[in-house]
Every structure is written in C-alpha cells, then in structure tokens.
Amino acid sequence: MGGESEKWVLMVTARTPTNIAVIKYWGKRDETLILPINDSISVTLDPNHLCTTTTVSVSPSFDHDRMWLNGKEISLQGGRFQSCLREIRARAQDVEDEKKGIRIKKEDWQKLHLHIASYNNFPTAAGLASSAAGLACLVFSLAKLMNLKEDNSQLSAIARQGSGSACRSLYGGFVKWIMGKEDNGSDSIAVQLADEKHWDELIIIIAVVSARQKETSSTSGMRDTVETSALIQHRAKEVVPKRVVQMENAIQNRDFPSFARLACTDSNQFHAVCLDTYPPIFYMNDTSHRIISCVEKWNRAEGTPQVAYTFDAGPNAVMIARNRKTAALLLQRLLYNFPPQSDTDLDRYVIGDKSILEYAGIKDMKDVEALVPPPEIKDNLSTEKSKGDVSYFICTRPGGGPVVLSDETQALLDPLTGLPK
Ligand code: DP6
C-alpha cells in the first residue's frame with residue numbers, strides 16, 4: 001500500500017437514480033438478507049430531477065469509517081450499512097493509480113477506512129424513496145473505488161441488503177427484481193427489462209403531498225403485513241406472478257392501457273394489504289384519494305387510460321402519462337384541482353422538466369387562475385379546489401442508471417483532506 005507519503009486520498013464520485021415500483025415489493029421472506037416474497041418491477045426516474053450523488057474516499061490517514069448525508073454526519077453502525085460494506089470489502093481487488101503513485105493490494109481494503117458523503121438533489125423530507133438511490137449509490141461508488149469485477153446485477157444483490165428497493169436503482173429504464181429461490185439470496189437480483197430509450201414517450205408527474213403525521217416505515221410496515229394479513233399470501237402467490245408477466249409484456253409492447261391498468265391495480269392492492277394489516281396502515285390520505293379520483297374520472301371519460309398512478313409507503317402520487325400531450329393535460333387538471341397557495345411561486349410549485357408547463361400553456365399564476373374545469377368534472381364536490389394540499393409537483397421521465405462522475409469538481413469530499421467540502 002502507499003504512495004510517497006501516507007497523505008494520499010483516493011476517491012470516486014457517482015450518481016444513482018431513484019425508482020418507482022409499478023409492481024410493488026411488499027413483504028420479506030428473510031429480514032436480514034432482505035429477500036422478498038414476490039418479484040417487483042420498477043421504472044427508473046431521470047437522475048437530472050431525482051438522484052443521489054455520492055463520493056467515497058479512502059486514505060491511510062482515516063482512522064474510522066465515516067459518512068455524511070446532505071452535509072450532516074450520520075452513523076454507519078446500522079446492520080444494513082455494515083452488510084453492504086462487508087460484502088463489498090470481501091470482493092475488493094488491487095487498485096493502482098499511477099498518476100498519484102498509489103497502490104492498494106486487495107487485502108489492504110480490510111484495514112483501510114472510508115469517508116463517504118452523499119447528497120440528494122431533492123428534499124429528503126419529501127418522502128420520496130431516497131434510501132433506494134442512496135444505498136444503490138453507496139454500493140455502486142464503492143464498487144468502482146475498490147475495483148470490483150461484479151456486474152450491476154451482482155452489485156444489485158449487495159444493494160438489496162441495504163434496502164430492498166435499492167437493488168432496482170442499479171439500472172436505468174425498466175427493471176425487474178427477481179425474488180430468487182436460494183436461501184443465501186445469490187439469485188435475488190435486479191435485471192434490466194428495457195432501457196429508458198425503449199419507451200421514451202412516457203412523462204412522470206409526482207405530486208408531493210403534504211403529510212400531517214409521520215408514516216410507518218416500509219420495513220416495519222411490511223413486517224406487520226406479513227405477520228397479520230391473510231391477503232398478502234394471496235397477493236404474493238396468485239396475483240403478482242401473473243401481473244409480472246403481463247407487465248413485462250406491456251413494457252415490451254409499449255402497451256399503455258395494459259401498463260396503466262396493471263400499475264394502478266397493483267398500487268391499489270398494495271394499499272389494500274396495508275389496510276388488511278393489523279393494526280391497519282394508512283399511507284394514502286384524502287389528497288391521495290382525490291388525485292386517484294381525478295385520474296380515474298379522466299381515464300373513464302377518455303375510454304382508454306391516459307395516465308397511470310402509483311403510491312408507495314406515503315401519500316405522494318406518482319403519475320405516468322402516456323406522452324407529453326397527456327402530461328400537459330394532466331398538469332392542467334392537477335393545477336386546477338390543487339392550485340398553489342397565493343404566496344407560492346409557480347416556478348417553485350412545478351419543478352423538474354419545466355417544458356411540460358410550457359407545453360400546457362401555463363406561464364404564470366394568471367394562467368393557473370384562468371384554468372377551466374376539465375369536461376369530466378360534473379358534480380360540485382369535485383370542483384372544490386384545495387390549496388396547500390400539494391407541496392409541489394415534479395415533472396420528470398424514465399431515466400438512465402448509475403454513472404461515475406469523472407469531473408472532480410462534482411466531488412462532495414475535499415481531495416486533500418477527504419472531509420466534506
Ligand atoms: C412501497 O425498499 O424501503 O416502496 O427493504 O425494508 O428497506 P426495505 O424496504 P423498502 O420498501 C419499498 C416498498 C415500496 C414498494 C417498492 O418500492 O417496491
């Protein structure tokens with residue numbers, strides 16, 4: 001090991017996307033290895049709008065492993081972090097950086113300590129699967145630093161041990177997490193079904209819904225479900241296996257009506273098993289229900305689905321529109337039903353891909369106020385507008401998988417000290 005002095009710091013920075021499941025993972029058959037009771041399928045979201053950036057570094061001058069998340073130091077003592085670190089260190093290879101005169105032998109990795117800094121480009125408090133992108137990014141960047149030979153599918157089996165849904169963030173586009181059969185989890189991996197270019201018409205709008213109470217974590221929620229719900233067994237054994245095949249076909253054939261029907265019914269069934277859990281778990285709130293009703297009415301009026309919706313372990317709605325035109329019409333409906341509060345800046349109320357807003361012909365608050373009720377709204381009840389129930393909207397699309405950022409200015413750690421910049 002070593003360069004001329006023992007002062008060197010070697011680092012890698014990577015960026016990893018979040019993902020949204022359209023066939024949900026809910027329930028484990030092994031809590032420690034994080035092995036699921038069914039396959040799941042997700043869409044990777046464009047990292048330009050939602051991603052985690054992580055810098056990992058190693059230096060003989062570091063005396064223990066440390067991690068900072070969004071600038072604040074956090075503990076790495078948790079079992080899940082430790083599993084990922086152990087699995088990666090066990091596969092580490094020799095590393096040589098000729099320019100810096102650094103050589104690390106594979107056995108040295110067991111003694112060397114790491115500094116890790118991670119940053120989400122979206123508010124952590126928004127309740128958007130930040131752990132998925134975070135754990136995937138940790139595993140991906142460490143694998144690059146330690147020169148692992150494993151491919152992304154094999155790395156997904158390590159990320160899975162950090163958080164189940166993280167394994168699907170190792171790929172862009174459309175991803176399946178195969179539940180696997182082995183007791184050691186070696187075949188519980190993510191595979192890419194199609195890349196993001198395969199179906200690039202899709203537009204995703206996320207409504208970040210204001211939540212009043214703290215939600216049950218996915219980990220404890222799914223544990224309670226497996227212990228108490230009778231429906232979850234039927235879902236895992238009978239319903240999901242068929243839906244996974246149908247969803248794979250819908251994605252392969254870019255069959256939006258089937259895709260939308262499967263995504264919506266699967267989200268609804270996931271929330272039904274939450275309700276079947278004892279004591280019951282409520283992730284969706286009134287705003288979530290109003291969004292479902294708005295989309296369902298429109299889809300019914302059109303005769304064929306224009307938009308799919310799906311909800312994870314929280315009230316936020318993720319809506320997938322079949323193309324830009326329907327996304328613009330959806331955004332008009334959403335802004336009509338959930339206008340920003342008078343003191344909110346439209347520019348901060350609709351974030352991400354602003355071109356959807358332009359396409360919808362909305363430039364400022366006057367345009368929002370001028371929106372007319374959509375034709376499918378006939379009764380008075382649904383025209384009731386509610387300000388403040390949605391914190392903001394994010395417009396995005398399916399996106400690519402993890403990448404190494406070679407531009408050193410994007411590193412989150414100082415190249416000389418290995419401390420956060
Ligand atoms: C509802 O991956 O957060 O988002 O494996 O315990 O870390 P752990 O749970 P997590 O659960 C995600 C559940 C979900 C559905 C999904 O992403 O498939």
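1. Ground rules. The model is predicted, so to speak for local features pLDDT has to be at least 70, side-chain atom pairs count only at pLDDT 80 or more, and totals for chains, interfaces and linings use all residues. Numbering runs from 1 along each chain as its sequence is written, and side-chain values use heavy atoms, with hydrogens and water left out.

2. Salt bridges overall. Searching the whole structure turns up 18 salt bridges, a salt bridge being a side-chain nitrogen of Lys or Arg within 4 Å of a carboxyl oxygen of Asp or Glu. As background, side chains of opposite charge can pair when their charged atoms come close.

3. Aspartate 46 sits in the loop between β5 (40-44) and β6 (51-59), and arginine 397 in the loop between β18 (390-396) and β19 (403-404), so the pair ties together parts 351 residues apart in sequence. Strands here are DSSP runs (E, at least two residues), as are helices (H or I, at least four), numbered from the N terminus. Aspartate 46 is buried at 7% relative accessibility, while arginine 397 is partly exposed at 27%. The cut-offs are under 20% relative accessible area for buried, over 50% for exposed, and partly exposed in between (1.4 Å probe, protein chains only).

4. A network and another pair. Salt bridges link Arg86, Glu87, Arg91 and Glu150 in a network. Within it, glutamate 87 and arginine 86 have their closest N and O atoms 3.6 Å apart, and glutamate 87 is buried at 18%. Elsewhere, lysine 354 meets aspartate 347 in a salt bridge at 3.3 Å, N to O. Lysine 354 is partly exposed at 30%, and aspartate 347 is partly exposed too, at 48%.

5. What pairs with β18? On one count, β14 (residues 203-209) pairs with β18 in the antiparallel sense over six bridges, valine 208 being partnered with tyrosine 392. On the other, β17 (residues 350-352) runs parallel to β18 and is joined to it by three bridges, with isoleucine 351 partnered with isoleucine 394. Pairing here requires that DSSP finds at least two bridges between the strands. Six of the seven residues of β18 are buried.

6. Around the ligand. There are 17 residues around the ligand, and Tyr25, Lys28, Ser163, Ser165 and Arg168 come nearest; to count as near, a residue needs a heavy atom within 4 Å. By class, the shell has seven nonpolar, five polar and five charged residues. For the classes, Ala, Val, Leu, Ile, Met, Phe, Trp, Tyr, Cys and Pro are nonpolar, Asp, Glu, Lys and Arg are charged, and the others, Gly among them, are polar. Helix α4 (residues 218-228) gives the most to the shell, with three residues.

7. A polar side-chain atom of serine 165 lies 2.7 Å from a ligand oxygen. For arginine 80, a side-chain N or O atom is 2.8 Å from an oxygen of the ligand, and for glycine 164 a backbone N or O atom lies 2.8 Å from one. Taken alone the ligand exposes 460 Å², and the protein buries 94% of that (Shrake-Rupley areas, 1.4 Å probe).

Terms used:
A polar contact is a pair of N or O atoms within 3.5 Å; within protein, one must be able to donate a hydrogen and the other to accept it, and residues adjacent in sequence count only if both atoms are side-chain atoms.
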